[in-house]
Amino acid sequence: MKPYHWLILLLSVALIIVSVRLVYVLSEKENASDGTDSEAALECIMTRASVRDYLDKAVPDTIIEKILRAGMAAPTARNRQPWEFIVITDQTLKDSISDSFEYATMVGKSAFDVVVCGNRDLWGDNDTHEVGNWVLDCSAATENMLLAAHALGLGGVWCGVYPNPERISKLSGLMRLPENLVPLNIVSFGYPAAEVTPKQKWDPAKVRYNPGQD
Ligand SMILES: Cc1cc2nc3c(=O)[nH]c(=O)nc-3n(C[C@H](O)[C@H](O)[C@H](O)COP(=O)(O)O)c2cc1C
């Protein structure tokens with residue numbers, strides 16, 4: 001064989017390798033959009049359940065941040081993002097919350113908790129109907145965090161604070177919250193101690209299509 005024959009052979013082999021790689025990458029992309037991702041997202045939504053019992057196992061900071069990022073990805077009215085997220089890992093503070101709120105005793109055993117607060121400085125004009133939107137915005141963030149935690153193998157539960165004035169002032173006092181923050185809830189997170197079965201809630205009787213159009 002002449003030297004240029006070798007060159008042609010080498011180039012042909014290289015071309016075959018690049019083509020095979022390209023076909024592989026393209027088929028990977030196709031697989032990613034074949035519905036697997038959307039099935040996983042729906043599965044996460046449909047299998048989430050409140051988890052109130054946790055393993056004694058720490059959650060890495062990177063996971064906590066992923067959950068917080070999911071919270072801040074929520075939709076908000078006029079994109080105001082009128083929230084503040086207070087992360088609680090200190091066991092003394094956790095114990096005093098657990099002791100003070102009978103409906104939130106799981107805080108004492110959770111790996112960490114997030115108190116989702118509305119920020120008066122960010123939630124818009126107090127004199128308009130818009131003022132109520134902070135609750136909706138912070139609720140959307142809370143659900144995002146619960147879903148993210150579930151997707152990451154953790155469990156969590158929403159413990160209500162707002163609109164109960166007694167709970168709001170008790171928690172605000174305990175955490176020495178500044179005046180501009182109003183706690184909506186305490187969300188406890190941790191690795192589930194046991195499997196929790198999601199409640200079946202689908203009820204077609206609660207759905208209507210196109211009312212008033214007959
Ligand atoms: C606004 C709100 C307040 C809640 N407060 C509490 C609470 O104080 N303590 C608690 O254990 N669970 C609380 N939960 C969790 C509910 O009990 C739970 O979501 C409901 O029973 C449905 O169960 P699931 O989350 O497993 O689907 C609250 C949930 C919401 C949305």
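Predicted model: local features only at pLDDT ≥ 70, side-chain atom pairs only at ≥ 80, totals over all residues.
**Entry 1: helix H3**

The face of H3 turned away from its buried side carries Thr92 and Asp95, both exposed. Next I asked which residues of H3, spanning 91–100, are buried. I found Lys94, Ile97 and Ser98 in that group. They sit on the same side of H3 because the arc they cover around the axis is only 100 degrees.

**Entry 2: the whole chain**

I then stepped back to the protein chain and noted 5 helices and 4 strands. Reading from the N terminus, I wrote the order down as α-α-β-α-β-α-β-α-β.

Along the principal axes, the C-alpha atoms fill a box of roughly 90 × 60 × 40 Å.

Where are the domains? I have domain 1 at 1–47 and domain 2 at 61–190. Their centres, taken over C-alpha atoms, are 44 Å apart.

I also checked burial and contacts. Of the 214 residues in the protein chain, 24% are buried. For contacts between residues at least 6 apart in sequence, I noted that 79% join residues at least 24 apart.

**Entry 3: around the ligand**

Which residues surround the ligand? I wrote down Ala49, Ser50 and Arg52, then Tyr103 and Ala104. The list goes on with Val157, Trp158, Cys159 and Gly160, and it also includes Lys199. Sorted by class, the shell around the ligand comes to 6 nonpolar, 2 polar and 2 charged residues.

**Entry 4: leucine 68**

I found leucine 68 in helix H2, which covers residues 61–72. Is leucine 68 buried or partly exposed? It counts as partly exposed, because it has 17 C-beta neighbours inside 10 Å, and a buried residue needs 20 or more. I also took one distance from here: the C-alpha atoms of leucine 68 and arginine 78 are separated by 20 Å, with the two residues 10 apart along the chain.

Which peptide bond is cis? I noted the one from tyrosine 162 to proline 163, with omega near 10 degrees. Proline 163 belongs to the loop that links strand S3 (155–160) and H5.

Two residues with positive phi also went into the notebook. Asparagine 79 is not a glycine, yet its phi is positive at about 55 degrees. I placed asparagine 79 in the loop between H2 and S1. Asparagine 79 counts as exposed because it has 7 C-beta neighbours inside 10 Å.

Arginine 176, also not a glycine, has a positive phi of about 45 degrees. The loop between H5 and S4 is where I found arginine 176. With 6 other C-beta atoms within 10 Å, arginine 176 is exposed.

Definitions and conventions: Residues numbered from 1 in each chain as written. Buried ≥ 20, exposed ≤ 12 C-beta atoms within 10 Å, placed from the backbone. Contact = placed C-beta atoms within 7 Å. Domains from an automatic or database assignment. Arc of directions from axis to C-beta. Near = placed C-beta within 6 Å. Nonpolar A, V, L, I, M, F, W, Y, C, P; charged D, E, K, R; others polar.
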